[in-house]
Amino acid sequence: MDSRGPAAVPVLAAGAASVLAVAGLAWAAGAPEWLAHPGFRAWQTICVAVTLQALPFLILGTLVSGAVNAFVPERVFSRALPRRPALAVPVASAAGVVLPGCECASVPVAGSLIRRGVAPAAAFAFLLSAPAVNPIVLASTAVAFPGRPEMVAARLVASLAVSAAMGWLWLRFGRAEWLRMPSRHTGHRPGRSRWEEFRLGFQHDFLHAGGFLVLGAMAAATFNVAVPRSVLDTFSGSPWLSVLFLAGLAIVLAVCSEADAFVAASLTGFSPTARLAFMVVGPMVDVKLIALQAGTFGRAFALRFSAATAVVAVAASALVGWWLL
(Lines give C-alpha, C1' and ligand atoms only; values in the text may rest on other atoms or scores of the structure.)
Protein backbone atom coordinates (compact mmCIF):
# COMPACT_ATOMS: atom_id res chain seq x y z
CA MET A 1 0.00 0.00 0.00
CA ASP A 2 1.23 3.53 -0.80
CA SER A 3 2.73 5.11 2.29
CA ARG A 4 1.22 8.48 1.42
CA GLY A 5 -2.33 7.19 1.57
CA PRO A 6 -2.98 7.75 5.34
CA ALA A 7 -1.29 11.15 5.26
CA ALA A 8 -3.54 12.26 2.43
CA VAL A 9 -6.72 11.79 4.48
CA PRO A 10 -6.21 14.81 6.81
CA VAL A 11 -5.25 16.94 3.80
CA LEU A 12 -8.42 16.01 1.94
CA ALA A 13 -10.53 16.58 5.06
CA ALA A 14 -8.98 20.01 5.60
CA GLY A 15 -9.54 20.90 1.95
CA ALA A 16 -13.19 19.84 2.09
CA ALA A 17 -13.71 21.86 5.28
CA SER A 18 -12.13 24.92 3.65
CA VAL A 19 -14.38 24.64 0.60
CA LEU A 20 -17.49 24.38 2.79
CA ALA A 21 -16.39 27.36 4.87
CA VAL A 22 -15.81 29.54 1.79
CA ALA A 23 -19.14 28.46 0.34
CA GLY A 24 -20.88 29.38 3.58
CA LEU A 25 -19.29 32.84 3.68
CA ALA A 26 -20.16 33.46 0.03
CA TRP A 27 -23.77 32.48 0.63
CA ALA A 28 -24.00 34.81 3.60
CA ALA A 29 -22.57 37.67 1.51
CA GLY A 30 -25.36 37.44 -1.06
CA ALA A 31 -23.94 34.80 -3.38
CA PRO A 32 -27.37 33.70 -4.70
CA GLU A 33 -27.74 37.03 -6.53
CA TRP A 34 -24.48 37.03 -8.45
CA LEU A 35 -24.61 33.28 -8.98
CA ALA A 36 -27.74 33.88 -11.06
CA HIS A 37 -26.07 36.64 -13.13
CA PRO A 38 -25.86 35.79 -16.87
CA GLY A 39 -22.14 36.61 -16.91
CA PHE A 40 -21.41 34.11 -14.15
CA ARG A 41 -23.63 31.52 -15.82
CA ALA A 42 -21.63 31.96 -19.04
CA TRP A 43 -18.34 31.71 -17.12
CA GLN A 44 -19.57 28.57 -15.38
CA THR A 45 -20.65 26.96 -18.66
CA ILE A 46 -17.32 27.66 -20.40
CA CYS A 47 -15.29 26.48 -17.41
CA VAL A 48 -17.18 23.19 -17.22
CA ALA A 49 -17.08 22.74 -21.01
CA VAL A 50 -13.28 23.20 -21.21
CA THR A 51 -12.77 20.83 -18.29
CA LEU A 52 -15.07 18.13 -19.65
CA GLN A 53 -13.62 18.50 -23.15
CA ALA A 54 -10.09 17.94 -21.88
CA LEU A 55 -10.86 15.38 -19.16
CA PRO A 56 -11.08 12.27 -21.40
CA PHE A 57 -7.69 13.10 -22.89
CA LEU A 58 -6.20 13.72 -19.46
CA ILE A 59 -7.48 10.31 -18.37
CA LEU A 60 -6.01 8.77 -21.52
CA GLY A 61 -2.65 10.41 -20.87
CA THR A 62 -2.47 9.34 -17.25
CA LEU A 63 -3.51 5.80 -18.21
CA VAL A 64 -0.68 5.71 -20.76
CA SER A 65 1.71 7.21 -18.21
CA GLY A 66 0.78 4.60 -15.61
CA ALA A 67 1.08 1.78 -18.13
CA VAL A 68 4.48 3.00 -19.30
CA ASN A 69 5.66 3.20 -15.70
CA ALA A 70 4.46 -0.26 -14.68
CA PHE A 71 4.70 -2.45 -17.78
CA VAL A 72 7.28 -1.05 -20.23
CA PRO A 73 10.94 -1.92 -19.54
CA GLU A 74 13.48 0.88 -19.79
CA ARG A 75 15.36 -0.89 -22.58
CA VAL A 76 12.39 -0.31 -24.92
CA PHE A 77 13.02 3.43 -24.91
CA SER A 78 16.77 3.10 -25.31
CA ARG A 79 16.21 0.93 -28.39
CA ALA A 80 13.42 3.01 -29.94
CA LEU A 81 15.28 6.33 -29.89
CA PRO A 82 18.76 7.15 -31.19
CA ARG A 83 21.36 7.37 -28.46
CA ARG A 84 22.41 10.85 -29.49
CA PRO A 85 19.86 13.33 -28.09
CA ALA A 86 20.23 15.58 -31.13
CA LEU A 87 18.98 12.74 -33.34
CA ALA A 88 16.39 11.54 -30.81
CA VAL A 89 14.63 14.92 -30.95
CA PRO A 90 13.32 14.72 -34.56
CA VAL A 91 12.45 11.04 -34.11
CA ALA A 92 10.37 11.86 -31.02
CA SER A 93 8.81 14.80 -32.83
CA ALA A 94 7.80 12.60 -35.77
CA ALA A 95 6.31 10.04 -33.36
CA GLY A 96 3.55 12.53 -32.61
CA VAL A 97 2.19 12.03 -36.14
CA VAL A 98 1.16 8.44 -35.40
CA LEU A 99 0.25 8.62 -31.72
CA PRO A 100 -3.12 10.26 -30.93
CA GLY A 101 -3.06 12.55 -27.95
CA CYS A 102 -4.13 15.90 -26.57
CA GLU A 103 -2.05 18.50 -24.74
CA CYS A 104 -3.56 17.29 -21.46
CA ALA A 105 -2.45 13.75 -22.25
CA SER A 106 1.03 14.65 -23.51
CA VAL A 107 2.26 16.24 -20.26
CA PRO A 108 2.00 13.15 -18.00
CA VAL A 109 3.32 10.95 -20.82
CA ALA A 110 6.35 13.22 -21.30
CA GLY A 111 6.97 13.16 -17.54
CA SER A 112 6.85 9.37 -17.54
CA LEU A 113 9.26 9.19 -20.47
CA ILE A 114 11.79 11.40 -18.69
CA ARG A 115 11.52 9.34 -15.51
CA ARG A 116 12.23 6.24 -17.60
CA GLY A 117 15.50 7.64 -18.96
CA VAL A 118 14.45 9.38 -22.19
CA ALA A 119 16.39 12.59 -22.85
CA PRO A 120 14.27 15.59 -21.74
CA ALA A 121 14.83 17.28 -25.12
CA ALA A 122 13.24 14.30 -26.93
CA ALA A 123 10.40 14.05 -24.42
CA PHE A 124 9.61 17.76 -24.84
CA ALA A 125 9.63 17.42 -28.64
CA PHE A 126 7.05 14.65 -28.30
CA LEU A 127 5.08 16.71 -25.76
CA LEU A 128 4.66 19.48 -28.33
CA SER A 129 4.11 17.40 -31.46
CA ALA A 130 1.68 14.75 -30.18
CA PRO A 131 -1.29 17.11 -29.62
CA ALA A 132 -0.53 19.16 -32.73
CA VAL A 133 0.01 16.67 -35.57
CA ASN A 134 -1.66 13.42 -34.55
CA PRO A 135 -4.09 11.79 -37.04
CA ILE A 136 -7.22 12.99 -35.25
CA VAL A 137 -6.07 16.62 -35.32
CA LEU A 138 -5.05 16.49 -38.99
CA ALA A 139 -8.38 14.87 -39.92
CA SER A 140 -10.35 17.51 -38.00
CA THR A 141 -8.36 20.24 -39.76
CA ALA A 142 -9.20 18.76 -43.15
CA VAL A 143 -12.89 18.67 -42.22
CA ALA A 144 -12.85 22.23 -40.85
CA PHE A 145 -11.15 23.55 -44.02
CA PRO A 146 -12.76 21.57 -46.87
CA GLY A 147 -10.95 21.91 -50.18
CA ARG A 148 -7.93 23.48 -48.44
CA PRO A 149 -5.28 20.73 -48.18
CA GLU A 150 -2.61 23.42 -47.97
CA MET A 151 -3.97 24.37 -44.54
CA VAL A 152 -3.47 20.81 -43.29
CA ALA A 153 0.03 20.71 -44.78
CA ALA A 154 0.91 24.08 -43.26
CA ARG A 155 -0.23 22.98 -39.82
CA LEU A 156 1.77 19.75 -40.07
CA VAL A 157 4.98 21.43 -41.27
CA ALA A 158 4.84 24.35 -38.83
CA SER A 159 4.04 22.15 -35.81
CA LEU A 160 6.80 19.64 -36.56
CA ALA A 161 9.27 22.49 -37.05
CA VAL A 162 8.35 24.04 -33.69
CA SER A 163 8.52 20.77 -31.75
CA ALA A 164 11.93 19.86 -33.18
CA ALA A 165 13.28 23.38 -32.71
CA MET A 166 12.20 23.48 -29.07
CA GLY A 167 13.79 20.09 -28.43
CA TRP A 168 17.09 21.30 -29.86
CA LEU A 169 16.83 24.61 -27.99
CA TRP A 170 16.35 22.75 -24.70
CA LEU A 171 19.28 20.52 -25.58
CA ARG A 172 21.45 23.60 -26.11
CA PHE A 173 20.22 26.04 -23.48
CA GLY A 174 18.12 24.02 -21.00
CA ARG A 175 19.33 23.60 -17.42
CA ALA A 176 18.67 20.71 -15.12
CA GLU A 177 17.79 22.99 -12.19
CA TRP A 178 14.81 24.37 -14.14
CA LEU A 179 13.27 20.90 -14.34
CA ARG A 180 11.57 19.58 -11.22
CA MET A 181 10.24 16.08 -11.59
CA PRO A 182 7.68 14.58 -9.17
CA SER A 183 9.46 12.59 -6.48
CA ARG A 184 7.94 9.14 -6.81
CA HIS A 185 9.33 5.78 -7.78
CA THR A 186 9.07 4.81 -11.43
CA GLY A 187 9.52 1.46 -13.05
CA HIS A 188 8.69 -1.97 -11.76
CA ARG A 189 9.90 -3.01 -8.31
CA PRO A 190 10.70 -6.71 -8.00
CA GLY A 191 8.16 -8.52 -5.85
CA ARG A 192 5.38 -5.97 -6.34
CA SER A 193 2.25 -6.29 -8.45
CA ARG A 194 2.52 -4.45 -11.75
CA TRP A 195 -1.23 -3.77 -11.69
CA GLU A 196 -0.92 -2.16 -8.24
CA GLU A 197 1.96 -0.01 -9.50
CA PHE A 198 -0.17 0.93 -12.50
CA ARG A 199 -3.07 1.93 -10.23
CA LEU A 200 -0.91 4.01 -7.92
CA GLY A 201 0.85 5.72 -10.83
CA PHE A 202 -2.43 6.56 -12.56
CA GLN A 203 -3.94 7.83 -9.32
CA HIS A 204 -0.96 10.07 -8.57
CA ASP A 205 -0.66 11.58 -12.06
CA PHE A 206 -4.40 12.10 -12.52
CA LEU A 207 -4.98 13.84 -9.19
CA HIS A 208 -1.80 15.88 -9.62
CA ALA A 209 -2.62 17.10 -13.14
CA GLY A 210 -6.40 17.36 -12.69
CA GLY A 211 -6.21 20.28 -10.28
CA PHE A 212 -4.06 22.30 -12.67
CA LEU A 213 -6.42 21.49 -15.52
CA VAL A 214 -9.30 23.04 -13.54
CA LEU A 215 -7.23 26.17 -12.83
CA GLY A 216 -6.46 26.53 -16.53
CA ALA A 217 -10.12 26.08 -17.46
CA MET A 218 -11.10 28.82 -15.00
CA ALA A 219 -8.57 31.21 -16.58
CA ALA A 220 -9.85 30.44 -20.08
CA ALA A 221 -13.47 30.99 -19.01
CA THR A 222 -12.58 34.32 -17.40
CA PHE A 223 -11.05 35.60 -20.64
CA ASN A 224 -14.02 34.42 -22.72
CA VAL A 225 -16.44 36.32 -20.52
CA ALA A 226 -14.37 39.44 -19.84
CA VAL A 227 -13.18 40.31 -23.39
CA PRO A 228 -15.91 41.72 -25.68
CA ARG A 229 -16.38 40.43 -29.20
CA SER A 230 -15.65 43.89 -30.65
CA VAL A 231 -12.00 43.45 -29.74
CA LEU A 232 -11.69 40.72 -32.38
CA ASP A 233 -12.67 43.14 -35.14
CA THR A 234 -10.08 45.69 -34.02
CA PHE A 235 -7.13 43.39 -34.77
CA SER A 236 -8.33 41.53 -37.87
CA GLY A 237 -7.39 44.33 -40.28
CA SER A 238 -3.62 44.25 -39.64
CA PRO A 239 -1.64 41.28 -41.06
CA TRP A 240 0.92 41.25 -38.23
CA LEU A 241 -1.38 42.22 -35.38
CA SER A 242 -3.89 39.60 -36.47
CA VAL A 243 -1.22 36.86 -36.22
CA LEU A 244 -0.15 38.01 -32.77
CA PHE A 245 -3.72 38.46 -31.60
CA LEU A 246 -4.91 35.00 -32.67
CA ALA A 247 -1.77 33.48 -31.17
CA GLY A 248 -2.59 35.17 -27.86
CA LEU A 249 -6.23 34.19 -28.21
CA ALA A 250 -5.24 30.54 -28.64
CA ILE A 251 -3.25 30.70 -25.42
CA VAL A 252 -6.11 31.97 -23.29
CA LEU A 253 -9.03 30.17 -24.94
CA ALA A 254 -7.43 26.76 -24.26
CA VAL A 255 -9.46 24.95 -26.92
CA CYS A 256 -8.63 21.26 -27.21
CA SER A 257 -6.46 20.50 -30.25
CA GLU A 258 -9.08 18.15 -31.67
CA ALA A 259 -11.55 21.05 -31.85
CA ASP A 260 -9.44 24.17 -32.43
CA ALA A 261 -9.53 23.87 -36.25
CA PHE A 262 -13.28 24.49 -36.22
CA VAL A 263 -12.79 27.59 -34.07
CA ALA A 264 -10.08 28.82 -36.46
CA ALA A 265 -12.29 28.17 -39.47
CA SER A 266 -15.03 30.30 -37.90
CA LEU A 267 -12.71 33.32 -37.65
CA THR A 268 -13.33 34.28 -41.26
CA GLY A 269 -12.31 37.91 -40.77
CA PHE A 270 -8.68 36.89 -40.20
CA SER A 271 -6.04 35.89 -42.74
CA PRO A 272 -5.14 32.22 -43.32
CA THR A 273 -1.73 32.81 -41.72
CA ALA A 274 -3.34 34.25 -38.58
CA ARG A 275 -5.66 31.26 -38.35
CA LEU A 276 -2.69 28.95 -38.85
CA ALA A 277 -0.97 30.65 -35.90
CA PHE A 278 -4.08 29.96 -33.81
CA MET A 279 -3.87 26.24 -34.62
CA VAL A 280 -0.09 25.96 -34.14
CA VAL A 281 0.22 27.93 -30.91
CA GLY A 282 -2.89 26.58 -29.14
CA PRO A 283 -1.90 22.89 -28.77
CA MET A 284 1.59 23.88 -27.59
CA VAL A 285 0.96 26.87 -25.35
CA ASP A 286 -2.33 27.54 -23.59
CA VAL A 287 -3.27 28.39 -20.03
CA LYS A 288 -4.28 24.89 -19.01
CA LEU A 289 -1.15 23.41 -20.59
CA ILE A 290 1.06 25.94 -18.80
CA ALA A 291 -0.67 25.03 -15.54
CA LEU A 292 -0.19 21.30 -16.21
CA GLN A 293 3.49 21.84 -17.04
CA ALA A 294 3.98 23.88 -13.88
CA GLY A 295 2.42 21.14 -11.80
CA THR A 296 4.49 18.39 -13.43
CA PHE A 297 7.85 20.02 -14.13
CA GLY A 298 7.82 23.13 -11.94
CA ARG A 299 7.08 26.81 -12.51
CA ALA A 300 10.66 27.67 -13.51
CA PHE A 301 10.42 25.25 -16.42
CA ALA A 302 6.83 26.09 -17.43
CA LEU A 303 7.38 29.85 -17.67
CA ARG A 304 10.60 29.64 -19.66
CA PHE A 305 9.55 26.79 -21.92
CA SER A 306 6.10 28.19 -22.66
CA ALA A 307 7.41 31.68 -23.46
CA ALA A 308 10.07 30.31 -25.81
CA THR A 309 7.57 27.95 -27.45
CA ALA A 310 5.13 30.80 -28.10
CA VAL A 311 7.82 32.89 -29.82
CA VAL A 312 9.04 30.00 -31.96
CA ALA A 313 5.47 28.97 -32.85
CA VAL A 314 4.50 32.47 -34.00
CA ALA A 315 7.66 32.76 -36.10
CA ALA A 316 7.13 29.32 -37.66
CA SER A 317 3.47 30.08 -38.41
CA ALA A 318 4.40 33.34 -40.14
CA LEU A 319 7.12 31.70 -42.26
CA VAL A 320 5.10 28.61 -43.20
CA GLY A 321 2.01 30.72 -43.86
CA TRP A 322 3.99 32.96 -46.20
CA TRP A 323 5.39 29.86 -47.94
CA LEU A 324 2.32 27.64 -48.27
CA LEU A 325 -0.70 29.92 -47.83
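Contact here means heavy atoms within 4.5 Å. This is a predicted model. Across the whole structure, a search finds 9 aromatic pairs.

**Aromatic pairs**
- Phe-124 and Phe-297 pair edge-to-face, with 5.6 Å centre to centre and 85° between the planes.
- This pair links distant parts of the chain. Phe-124 sits in helix H7 (residues 120-133), Phe-297 sits in helix H15 (residues 287-297), and the two are 173 residues apart.
- Phe-124 has a relative accessible area of 0%, so it is buried. Phe-297 also counts as buried, because its relative accessibility is 0%.
- Phe-301 and Phe-305 form a stacked pair, at 4.8 Å centre to centre and 20° between the planes.
- Both Phe-301 and Phe-305 belong to helix H16 (residues 299-324). They are 4 residues apart, about one turn of the helix. Both are buried.
- One aromatic cluster brings together Phe-124, Trp-170, Trp-178, Phe-297, Phe-301 and Phe-305.

**Where H7 meets H9**
- The crossing of H7 past H9 is right-handed.
- On the H7 side, the contact residues include Phe-124, Ala-125 and Leu-128. On the H9 side, they include Leu-160, Met-166 and Trp-170.
- By type, the residues of this contact are 13 nonpolar, 4 polar and 1 charged.

Key
Residues numbered from 1 in each chain as written. Predicted model: local features only at pLDDT ≥ 70, side-chain atom pairs only at ≥ 80, totals over all residues. Heavy atoms only, no water. Phe/Tyr/Trp six-rings, centres within 6.5 Å; stacked < 30°, edge-to-face > 60°. Buried < 20%, exposed > 50% of the residue type's maximum accessible area, 1.4 Å probe, protein only. Left-handed = near helix turned anticlockwise from the far one by under 90°. Nonpolar A, V, L, I, M, F, W, Y, C, P; charged D, E, K, R; others polar.
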